Amino acid sequence: MATEKKGSQNNVRFSLALTIGIMISILLVALGGIVTYYTYENQKITALQTTEKIFQLSSRQTEEKLFSMIHSVESFVAVTSALKAIGGNNVENLSMLLPYFNQSFNSLPWMTSFYVGLNDGAFYMIQALRDNKLIRDVYSAPKDAAYAVKTVMPGDGGDIRMQFWFYDSNLILLGKRRENHDGYDPRERTWYSDGISTKETVITAPYIFFSSRQIGITVAHSLDGGEGVVGADTVLTTISQLLEKQKLTPSTQIVMMEENGRFILSADQQELDQLQKGREIDRTSELHVKDLNNQAVIGVYRELVAKGIEGGRVIRVNGEKWFGHARQLMDGKRNRIYLAIISPFNELMVNARATRQRNLLIILSVMTVAVGLGLYLSRRIAGSLHDLSAQAESVRDFQLSKPFAVHSKISEVDDLADSMTVMQSAINRFVEIARALSAEKQMEKVLEMIVNEAQSVTDADGGAIGLVSDDGKSFSYVLVRNKVTGVHLGGVGEEEISLPPLPLTDEEAQGEALEVSVVRDAETKAIADVGMTGREVCSSIKQLHEREGYECHSLLVIPLLNRQDEVIGLLHLVNGRDSVSGEIAAFPEH
């Protein structure tokens, strides 16, 4: 909770616990967001690359299946066209080859019919009825009929005789009938005109069969004698079933189309039904992809197929992203044939989004734990700092009797508590000195208190105080203490100091004693090593402190001033100690 700082209306403060908690939360949210975004973007790229590979595999499998079907029928047509029994003027005699055709239809389930067209207009066709209800209804075939044989025989005077024979699966004749000619002339069909003009096998583009009204491909080859053409129809329903199995997601659309947009096949049964209904009304009915109520298929046609682009890319359909792929399967007679696959982006990204949600939940859980831990730790830190703040308030109010009892696992906080303890102790000592000085009537005791406190603060081995005579002509030591050597000179009830006074006047001063220069210049002097001075400037000090095995090294001399800033004496300290190692150390110059 924000609180106003004392003495200021414009400065707002926050608690340390809240600040640390907010900072940890922001850091974790930012880190989690970056990790989640990076992971999600990588998964999107991986998902699209994987989808592209799957679509390529599906296209390749479809192409292989299509060519396998066509090649098998192509081989059958080529072999059959060379049979001697196929030629001749009486196509009705071809029924002797029914066992051969029966075996071929069983081996090639995608082949629906075989026929022979002769130059005089005669026509023989055997068609496998299988479970095609449409063809059965067109032929009014008996219930158990497996094959329908249609013959068209031109007669004298322009009379054309058309008959139908129906056989079961064992090739037993179930019935026959004669009907009026329906106008069919093989010589007018594309497969005949293409086949009669070459010695090679020809393959038509996908088209609608006259009899079954299904879409398929015709493989044709001229007879050896050139008197006609044999052909076989291959319906692409099998391909449609394969496309249905290759749908990657529930909404994936797979369509076979020509580059001009003519619809051939789809994995969507509704689109196939729509096409079939049109053919029932008009045998020549064709469906363009733009006629479909399928914006995704229209989109992949417009962005890829119509532009002759193969491969995959992201496509926008009605504001939504889809991933489309197109591959050319074969060159048709009129237009190139493409297989187009398109899937909604949101379905392809299902796993990526699920992973993103899991990552967010994990990050949220980690953040909750981390924030809780951060608040706990910050409260511990803030608690210690709050105690230090309360202790500082007590020091400010000179309530120095209560010792510091703040301990923290945070080294900086613990160091601060130690420093404040030292500060409180120092202030407490100086306050006690001030009180003692104001209450003490004997000057000797006051001086002794000053030396003792100075030694305690600086951790010095020894100390001494000297005073300037009333006439200002000499200087004498009145108190000497050294806790290492046990020297106690001067003061109350102690041994007197035998060192004679040091003259301060220019006429009487001998040499340049350190004490004389300090009194004269009123400046503090610090010497790191007395032995390195090279002069007997510290002889009196050394005489006071040095004993057998003990030498003076570091030295600090401080002038004592009265209220008029006049030097009335000096305080010196010898051999200050390092608070950690206990070794002799130099005094600070300031």
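Biologist: Which residues is Ser104 in contact with, leaving aside neighbours within four places in sequence?

Modeller: Phe76 and Met111. Contact here means heavy atoms within 4.5 Å. This is a predicted model, where local features need pLDDT of at least 70 and side-chain atom pairs count only at pLDDT 80 or more, while totals for chains, interfaces and linings use all residues. Residues are numbered from 1 along each chain as its sequence is written, and side-chain values use heavy atoms, with hydrogens and water left out.

Biologist: Where does Ser104 lie, and is it buried or exposed?

Modeller: Ser104 lies in helix α2, residues 98-107. Ser104 is buried, with a relative accessible area of 10%. Buried means under 20% relative accessible area, exposed means over 50%, and partly exposed is in between (1.4 Å probe, protein chains only). Helices (H or I, at least four residues) and strands (E, at least two) are DSSP runs, numbered from the N terminus.

Biologist: How many helices and strands does the protein chain have?

Modeller: There are 13 helices and 24 strands in the protein chain. The protein chain has 590 residues, and 43% of them are buried. Take contacts between residues at least 6 apart in sequence: 56% join residues at least 24 apart.

Biologist: Now the core. Which residues of the largest nonpolar core touch the most other members?

Modeller: Ile86, Phe101, Phe114, Ile126 and Met256, out of 55 residues in that core. Helix α1, residues 16-81, gives the largest share of this core, with 10 residues. A nonpolar core is a set of buried Ala, Val, Leu, Ile, Met, Phe, Trp, Tyr and Cys residues joined through side-chain atoms within 4.5 Å. In soluble globular proteins, nonpolar side chains tend to be buried together.

Biologist: What is Ile86 in contact with, beyond four places in sequence?

Modeller: Thr80, Leu94, Leu97, Phe101, Phe114, Val116, Leu223 and Val230. A second, separate core has 28 residues, including Leu514, Val518, Val557 and Val567.

Biologist: Val518, then. Which helix is it in, and what does it contact?

Modeller: Val518 is in helix α12. Outside four places in sequence, its contacts are Glu523, Lys525, Val557, Pro559 and Leu570. Val518 is buried, at 0% relative accessibility.

Biologist: Why is α12 largely enclosed by the rest of the structure?

Modeller: Because 6 of its 8 residues, in the run 514-521, are buried. Those are Leu514, Glu515, Val516, Ser517, Val518 and Val519. Just after α12, Ala522 takes a positive phi of about 55 degrees.

Biologist: Positive phi again: where is Asn318, and what is its phi?

Modeller: Asn318 is in the loop between β14 (311-317) and β15 (320-331). Its phi is positive, about 50 degrees, although Asn318 is not a glycine. Most residues other than glycine have a negative phi. Asn318 is exposed, at 66% relative accessible area.

Biologist: And Asp565, buried or exposed?

Modeller: Exposed, with a relative accessible area of 60%. Asp565 sits in the loop between β22 (555-561) and β23 (567-577). Asp565 is not a glycine either, yet has a positive phi of about 60 degrees.

Biologist: Switching to cysteines. How many disulfides does the structure hold?

Modeller: The structure holds 0. A disulfide is a pair of cysteine sulfur atoms within 2.5 Å.

Biologist: Last topic, the surface. Which residues make the nonpolar patch of about 250 Å²?

Modeller: Leu18, Ile22 and Ile26. Patches are made of residues with over 30% relative accessible area and no salt bridge, with like charges joined within 9 Å and nonpolar side chains (Val, Leu, Ile, Met, Phe, Trp, Tyr) within 5 Å. A salt bridge is a side-chain nitrogen of Lys or Arg within 4 Å of a carboxyl oxygen of Asp or Glu. Ile22 is in helix α1 and is partly exposed, at 41%.

Methods:
Areas by Shrake-Rupley, 256 points an atom, 1.4 Å probe, with all protein chains shown as cover.
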